[in-house]
Amino acid sequence: MTGILSIMLAVILTNNYVLAQFLGICPFLGVSKKLDSAVGMGAAVIFVMVLATAVTWPIQYLILDKLGIGYLQTIVFILIIASLVQLVEMTLKKYMPPLYKSLGVFLPLITTNCAVLGLTINNITDGYSYVESIFCSIGAGIGFLLALVLFAGMRERMESNTGIPKCFQGAPITLVAASILAMSFMMFSGVVDGIFG
Amino acid sequence: MDKKTNKLAVFTKGLIKENPVLVLLLGCCPTLAVTTSAVNGLGMGVSTLAVLVCANIVISLLRNIIPDKVRIPCYIVVIAAFVTIVQFALKAYLPALDKALGLFIPLIVVNCIILGRAEMFASKNGVFDSLLDGLGMGLGFTWALGLMGLIREFLGSGTAFGIDILAHLGWTPAGIFMLAPGGFFIFGILIAGVNFFSKDGAKKEFSCEGCLFADTCNPEAGDSCDGKEAKA
C-alpha cells in the first residue's frame, strides 16, 4: 500500500511528468490558455493514460516478451495508443454525446502526446506490476492535470498584463512563467522520500 | 538556374528562417529535456535528423500508394520503424549517449517535427526535395539543441563539451540551469532573443505549422495551419 502511495505521490509532485520530466510539453503550453479547456484536457489525459497502460502492460508481458519480439515495443505501443484514442472517440460520440462534447476535442491531440507513450514505456522499464502501473498512470494523469490547471491560472492573469517587453510577448514569457512554476514544484523533492523513507 | 536556387531554398529554410525549434516552436519536449549538455543536445539532434531524413525519403516514395484516410497511422509506422533502428544503433555503438537520452529516443516517434514534415512536405514532394527538406530541418533542429545544450551546460556545470571553464575562473556554476526550471528559462530567453533580432519581432505562439491538431489546440493560430484532421 505504501509502495503504491509513494509511486503516486512521486509522479504527481516530485517527478511531475510535465514540470520535472518534460513530457507532454506541447499540450501543456498549447491548451493552458483557459482554465476550462485545461481541465478538459487534463481529464482526457488521465482517462487515456489509464486505458493505455491497462492495455499495453499485458501486451508487453504476455505477447511481446513471450514471443521474444520486445524490440517492437515502440511501434506496437504507439499504434495501440493511436487506435485506442480513435476507439474512445467513436464510443463517446455514439453513446455519451455530452461527455464527447466536453472531452472529444482533446482526444486527437493525445495521440501524439509524448506523456502517454512515455508513461507506458516507463511503466515497463521501471518494472512495475500491473496494479502499480495502473496507479502510476492515475498519478501521472493527476500530475498533468494539476500542472495544466495551475499554469492556466497563471496565464489568465498574465494575459491581462500589458507591461511585457515586445520580444518577450507570447511564447517567451510563457516559458519563463513555466520555469517559475517548475521551480515551485522542485520544493517537493525530498518530501516523498521523507514521508516513506 | 532557377531550379537550383529552389533546391537550395528547400535545404536552407530549415536552418534559420524556418528553424523548427527557435522559429516554429516545434518539438519542445526533447528540446527542454535532453539539453543538459551540448553533447546530449547534439546527439539528440543527430538521431532526430537521421530519422527525419529516412522517414521523409520513404514517405515521399510511398506518397502515391498510401491512401489518404489512413495516412497518419502509415506515417507513424514508418517513423517508428526508423526510430527503432536508431535506438538499436545507439545501444550498440554509443551506449553512454543512449543512457543519457533514455526515454527520449523512443519518443522521437511523437516528435511533431517529423510527423509535421511528413504531412506538409514529404507527402507532396519528390524524393530528392524531401531528402533536402529533411536534412535542412534536421540540421536546424540539431544546431538549436546543441546551442541550448551548450548554454545550459556552461551555466549549470561550468563546462563546455565536457571541458572545465568556469572552475578556472573560480566561479561556482548555478546548478539550477541543469534542472527543469533552467530548461524552461533558457528556452524562453532564446526565443525572446530570436524575436528581438528578427525584423518583424512578431509575437509568437506555440504549436502551429506542421502540428496536425493545431486547430483544436490553439484556435487563434488555426488560420495558418493545416487543421484537416481536427476539423474532420
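# Note on the two-chain model

1. B:Phe177 counts as buried, because its relative accessibility is 17% and buried means under 20% relative accessible area (exposed is over 50%, partly exposed in between; 1.4 Å probe, protein chains only). This is a predicted model, where local features need pLDDT of at least 70, side-chain atom pairs count only at pLDDT 80 or more, and totals for chains, interfaces and linings use all residues. Residues are numbered from 1 along each chain as its sequence is written, chains are lettered from A and ligands numbered from 1 in the order in which they are written, and side-chain values use heavy atoms, with hydrogens and water left out.

2. Aromatic pairs. Over all chains, the search finds nine of them. One joins B:Phe177 to B:Phe185, with ring centres 6.5 Å apart and planes at 50 degrees, and is tilted. The rule: rings of Phe, Tyr and Trp (its six-membered ring) pair if their centres lie within 6.5 Å; planes under 30 degrees apart are stacked, over 60 edge-to-face, the rest tilted. B:Phe185 counts as partly exposed because its relative accessibility is 33%. There is also an aromatic cluster, formed by A:Phe22, A:Phe28, A:Phe151 and B:Phe184.

3. A charge over a ring. The charged end of B:Lys91 sits over the ring of B:Phe88, 6.0 Å from the ring centre. This label requires NZ of Lys or CZ of Arg within 6 Å of the ring centre and within 35 degrees of the ring normal.

4. Helix H9 of chain A against helix H9 of chain B.

5. Which residues of H9(A) and H9(B) meet? From H9(A), they include A:Leu175, A:Val176, A:Ser179 and A:Met183. From H9(B), they include B:Phe184, B:Phe185, B:Gly188 and B:Ile191. Contact means heavy atoms within 4.5 Å. The residues of this contact divide into 14 nonpolar, three polar and no charged. Here Ala, Val, Leu, Ile, Met, Phe, Trp, Tyr, Cys and Pro are nonpolar, Asp, Glu, Lys and Arg charged, and the others, Gly among them, polar.

6. Helix H1 of chain A. H1(A) covers residues 2-14, and its buried residues include A:Ile4, A:Ile7, A:Met8, A:Val11 and A:Leu13. A:Ser6 and A:Thr14 are also among them. Their cover includes H8 (130-159), H9 and H10 (191-196) of chain A.

7. Two phi values to check. Most residues other than glycine have a negative phi. A:Phe22, though not a glycine, has a positive phi near 60 degrees. A:Phe22 is in the loop between H1 and H2 (25-30) of chain A. A:Phe22 is buried because its relative accessible area is 4%. B:Phe161 also has a positive phi, about 50 degrees. B:Phe161 is in the loop between strands E1 (159-160) and E2 (163-164) of chain B. At 48% relative accessibility, B:Phe161 is partly exposed.

8. Chain B overall. Chain B has 11 helices and two strands. Helices (H or I, at least four residues) and strands (E, at least two) are DSSP runs, numbered from the N terminus. Along the sequence the pattern is α-α-α-α-α-α-α-β-β-α-α-α-α. Of the 232 residues in chain B, 54% are buried. Among contacts between residues at least 6 apart in sequence, 71% join residues at least 24 apart.

9. Helix H7 of chain B. B:Val127 lies in H7 (residues 127-157). B:Val127 is partly exposed at 34% relative accessibility. What does B:Val127 contact beyond its neighbours within four places in sequence? The partners are B:Ile57, B:Ser60, B:Leu61 and B:Arg63. B:Val127 and B:Ile57 are 70 residues apart in sequence, but 5.6 Å apart C-alpha to C-alpha. B:Gly138 is also in H7. B:Gly138 is buried, at 2% relative accessibility. Not counting residues up to four places away in sequence, B:Gly138 touches B:Gly45, B:Leu49 and B:Leu52.
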